[in-house]
Amino acid sequence: MRLALLLAAVIGVATPHPPHPPHPPHMPRIPRTAPRDPSHAPVGSKAKRLVIVDAGHGGPDNGMHGPIGGKFKILEKDITLAVSQRLARTLEERGMDVVMTRTTDTLIALSDRGRIANRRKGDLFISIHVNAANPGWKDPGGARGFETYFLAEAKTEDAKRVAQMENDVVRFETSNGPAPSDDALGFILNDMAQNEHLRESSDLAELIQERLRTIHPGPSRGVKQAGFRVLVTAYMPAVLVEIGFGTNPTEAAYINSGAGQEKISNAVADAAVAYLARYERRRGPADATTTLARKP
């Protein structure tokens, strides 16, 4: 209950919902093929698990652009949408239900992305992003690799940098009123520290890194934690995947290619399916139709 009040006070009040591009006339989603209510599932069958796929940025928020010194240009919002659409199709082929937070080039507020996941009673939340090097690094164009984050206070300066970069979308969402302060966000994270989903999110992040390591040309930068606002309102195991550095010419070409996007989406889908299977083995058959989402 204390967490719900904090979220309402910090996210709902401190950042009143502003003028931003209107939502599509219906909830953006990939059509689902099975009912979510377990009472409607056939006797003796398991309800399908629901994965929320979040394509980072969109609309006026381009996200990062690159590569540095490249002869072509990519925008993060285009890469994340393309990979997310492939990921959604791949998950459905593996028997999952899927909802996408956006299916077109539109801006969805960070806090609304989690709320979409909660309204649909998702089991997992996976947010797709593209990394960018710090211009102050010795060789920013040479930075490479992939990393997966879960929600907790950042342990390194680089994790803080990535979170600040991805959280910067709030400037497109508000025209008046202050954004939530870092102190307020930290207080929420401290309150959530004992929540079981932090460990579940960390486990999912580890699996994603393991699968990406088998197909990605760049190095694994590991599982990390930071205060991503997009993850704060998703009450379920939730991760943010930085699929590569768009500032690196070689890596930008890989994540911009159909072949690269297909490999990435397959790897992330494999990790999600493996995580859910592991979760159900741990919990046993009695929880086969129980959602992983927690109540605010």
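Modeller: Happy to, and do keep in mind that this is a predicted model.

Colleague: What makes the phi of Lys-121 worth a remark?

Modeller: Most residues other than glycine have a negative phi. Lys-121 is not a glycine, yet its phi is positive, about 55 degrees. His-57 also has a positive phi, near 65 degrees, and is not a glycine either. His-57 sits in the loop between strand 1 and strand 2.

Colleague: And is His-57 buried or exposed?

Modeller: Buried means under 20% relative accessible area; His-57 has 6%, so it counts as buried.

Colleague: What is the peptide bond from Gly-66 to Pro-67 called?

Modeller: That one is cis, with omega near -5 degrees. Most peptide bonds are trans. Pro-67 belongs to the loop between strand 2 (65-66) and strand 3.

Colleague: On to the rings. Why is the pair of Trp-137 and Phe-245 called tilted?

Modeller: A pair of aromatic rings is described by the distance of the centres and the angle of the planes. Here the centres are 6.4 Å apart, and the limit for a pair is 6.5 Å. The planes stand at 55 degrees; under 30 would be stacked and over 60 edge-to-face, so this pair is tilted. The structure holds 3 aromatic pairs.

Colleague: How do you know that this pair links distant parts of the chain?

Modeller: The two residues are 108 residues apart: Trp-137 is in the loop between strand 5 and strand 6 (146-151), while Phe-245 is in strand 8. Trp-137 has a relative accessible area of 29%, so it is partly exposed. Phe-245, with 0%, is therefore buried.

Colleague: Why do you say that the buried residues of helix 9 line one face?

Modeller: Those residues are Glu-251, Ala-252, Tyr-254 and Ile-255. Seen down the helix axis, they fall within an arc of 160 degrees, so they line one face of helix 9. An α-helix has 3.6 residues a turn, so residues three or four places apart point the same way.

Colleague: What covers the buried residues of helix 9?

Modeller: The cover includes strand 3 (74-75), helix 2 (76-93), strand 5 (124-131), strand 8 (238-245) and helix 10 (258-283).

Colleague: And what makes Asn-248 a cap for helix 9?

Modeller: A side-chain oxygen of Asn-248 lies 3.0 Å from the backbone nitrogen of Thr-250, at the N-terminal end of helix 9. The cut-off for a polar contact is 3.5 Å, and the 3.0 Å distance is within it.

Colleague: Which residues touch the most other members of the largest nonpolar core?

Modeller: Leu-91, Ile-126 and Ile-243 do, in a core of 40 residues. Helix 10 gives the most to this core, with 9 residues. A second, separate core has 22 residues, among them Leu-50 and Val-230.

Colleague: How much of the whole chain is buried?

Modeller: Buried residues make up 53% of the 296 residues in the protein chain.

Note on methods:
Residues are numbered from 1 along each chain as its sequence is written. This is a predicted model: local features need pLDDT of at least 70, side-chain atom pairs count only at pLDDT 80 or more; totals for chains, interfaces and linings use all residues. Side-chain values use heavy atoms; hydrogens and water are left out. Buried means under 20% relative accessible area, exposed over 50%, partly exposed in between (1.4 Å probe, protein chains only). Helices (H or I, at least four residues) and strands (E, at least two) are DSSP runs, numbered from the N terminus. The arc is that of the directions from the helix axis to the C-beta atoms. Contact means heavy atoms within 4.5 Å. A polar contact is a pair of N or O atoms within 3.5 Å; within protein, one must be able to donate a hydrogen and the other to accept it, and residues adjacent in sequence count only if both atoms are side-chain atoms. A nonpolar core is a set of buried Ala, Val, Leu, Ile, Met, Phe, Trp, Tyr and Cys residues joined through side-chain atoms within 4.5 Å. Rings of Phe, Tyr and Trp (its six-membered ring) pair if their centres lie within 6.5 Å; planes under 30 degrees apart count as stacked, over 60 as edge-to-face and the rest as tilted.
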